[in-house]
Amino acid sequence: MAARVTVLSLLVEELKNGRVKVVDLTQPLGPDTPVIDLPPMFAPSPPFSMETISHYDDKGPAWYWNTIHLGEHTGTHFDAPIHWVTGKDYANNSTDTIPVSRFVGPACVVDVSKEVAHYEDFLLTREHVLAWEGEHGKIQPGSWFLLRTDWSKRQGREAFLNAKADGPHSPGLHKDCVQFLAQERDVLGVGVETVGTDAGQAGAFDPPFPCHTFMHGAGKFGLASLKNLDQLPATGAVVIAAPLKIVNGSGSPLRVLALVPTE
Ligand code: MN
């Protein structure tokens with residue numbers, strides 16, 4: 001009996017023949033992974049650290065494993081609505097209770113890498129998104145909104161965090177754009193290449209950290225420290241971003257994968 005053709009059997013075939021490829025949107029996670037710097041009156045998140053439990057030695061002759069220690073928001077990571085005070089009262093707002101269907105969604109990728117190369121504090125506006133939609137079509141509800149800035153190509157902690165006397169400088173989204181995406185486009189959330197979903201200077205915005213405030217205030221998610229967004233088409237990729245099932249977790253490091261058509 002011939003196997004029934006389904007969308008999943010076709011996907012398996014396309015993965016096998018290379019017409020769909022899997023792109024890794026994840027940064028390596030280690031002691032050198034940059035962690036967000038907050039002003040000194042706030043508690044800092046520790047850097048990633050790892051210690052060996054055993055390494056084929058007296059502590060475990062046939063096995064190798066480690067203990068890891070890190071903040072939930074380290075490296076390529078997921079922000080759950082409960083991460084922000086504006087999202088704290090939603091049902092199913094933590095990493096263990098979000099319905100898993102929301103961890104898979106289509107990606108809309110807006111490329112502002114040229115603008116960011118000229119101006120590191122670049123903020124995406126509603127008008128930019130409307131212009132993108134004029135070219136690529138309206139953003140469908142339940143889409144990931146991914147901001148390609150090429151910021152992930154910066155080498156080393158200093159260049160990546162880009163801290164100056166007046167705080168960090170990195171691109172992000174204007175608050176009107178965030179509200180538009182959350183309310184009028186009903187996105188799953190926003191994904192960025194920078195250390196957090198807000199712009200570097202966003203602590204001084206009104207309100208502070210508008211991307212966190214309005215995205216999580218609408219029950220939506222964030223993805224930070226993504227890479228390889230330059231390998232994604234403007235539309236047509238599917239992103240799989242499932243955080244660890246930490247009980248009452250505010251977020252977690254994760255492996256973010258994109259399924260991308262190659263022709
Ligand atoms: Mn975060």
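## A strand inside the structure

Strand 7 is largely enclosed by the rest of the structure, because five of its five residues are buried. This description rests on a predicted model. W144, L146 and R148 point one way from strand 7. F145 and L147 point the other way, and these residues too are buried.

Strand 7 has two pairing partners described here. Strand 5 is joined to strand 7 by five bridges, and the two run parallel. Within that pairing, V110 stands opposite L147. Strand 11 also pairs with strand 7 in the parallel sense, over three bridges. There the bridge partner of L146 is G191 in strand 11.

In what order do the strands of the open sheet lie? The order is 1-15-13-5-7-11-12-4-14, which makes nine strands with mixed pairing. At the edges are strand 1 (20-24) and strand 14 (251-253), each of which pairs on one side only. On average, neighbouring strands of this sheet are turned by 25° against each other, direction ignored.

As background, the strands of a sheet pair through backbone hydrogen bonds, and the pairing is either parallel or antiparallel.

Strand 5 (residues 104-111) and strand 13 run antiparallel and are joined by four bridges. P106 of this pairing stands opposite V238 in strand 13. Strand 15 (residues 257-261) pairs with strand 13 in the antiparallel sense as well, over three bridges. V238 has L259 as its bridge partner in strand 15.

## Helix 5 and what it packs against

Which residues of helix 5 are buried? In this helix, residues 175-184, they are C177, V178, F180, L181 and A182. These buried residues pack against several elements. The helices among them are helix 3 (126-136) and helix 6 (210-217). The strands are strand 6 (123-124), strand 7 (144-148), strand 10 (172-173) and strand 11 (189-191). After helix 5 comes D186, with a positive phi near 50°.

The axes of helix 5 and helix 6 come within 9 Å and cross at roughly 15°. An angle under 35 degrees counts as roughly parallel, and therefore helix 5 and helix 6 are roughly parallel to each other. Their crossing is right-handed. On the helix 5 side, K175, V178, Q179, L181 and A182 take part in the meeting. On the helix 6 side, they meet P210, C211, F214 and M215.

## The manganese site

Which protein residues are donors of the manganese ion? They are H73 through ND1, H77 through NE2 and D79 through OD, at 2.1 to 2.3 Å from the ion. Along the sequence, these donor residues follow the spacing H-x3-H-x1-D.

H73 has a relative accessible area of 18%. Buried means under 20%, so H73 is buried. D79 is also buried, at 2% relative accessibility.

The residues 77-79 make up strand 4, which pairs with strand 12 (residues 221-224). This pairing is antiparallel and has three bridges. F78 stands opposite L223 in strand 12.

## Two serines

Is S225 buried or exposed? With a relative accessibility of 3%, S225 counts as buried. S225 is found in the loop between strand 12 and strand 13. Leaving aside neighbours within four places in sequence, S225 is in contact with L25, Q27, G75, T76, F160, V192, E193, T194 and V195.

S49 lies in strand 2, residues 49-57. S49 has a relative accessible area of 33% and is partly exposed. Its contacts, with neighbours within four places in sequence left aside, are T67, I68 and H69. From C-alpha to C-alpha, S49 and P207 are 34 Å apart in space. In sequence, S49 and P207 are 158 residues apart.

Conventions
Residues numbered from 1 in each chain as written. Predicted model: local features only at pLDDT ≥ 70, side-chain atom pairs only at ≥ 80, totals over all residues. Heavy atoms only, no water. Donors = N, O, S within 2.8 Å, 3.2 Å for Na, K, Ca; no water. Buried < 20%, exposed > 50% of the residue type's maximum accessible area, 1.4 Å probe, protein only. Contact = heavy atoms within 4.5 Å. Pairing = 2+ DSSP bridges. Axes fitted to C-alpha atoms, helices over the stretch in contact; angles between N-to-C directions. Parallel < 35°, antiparallel > 145°, perpendicular 65-115°, else oblique. Left-handed = near helix turned anticlockwise from the far one by under 90°.
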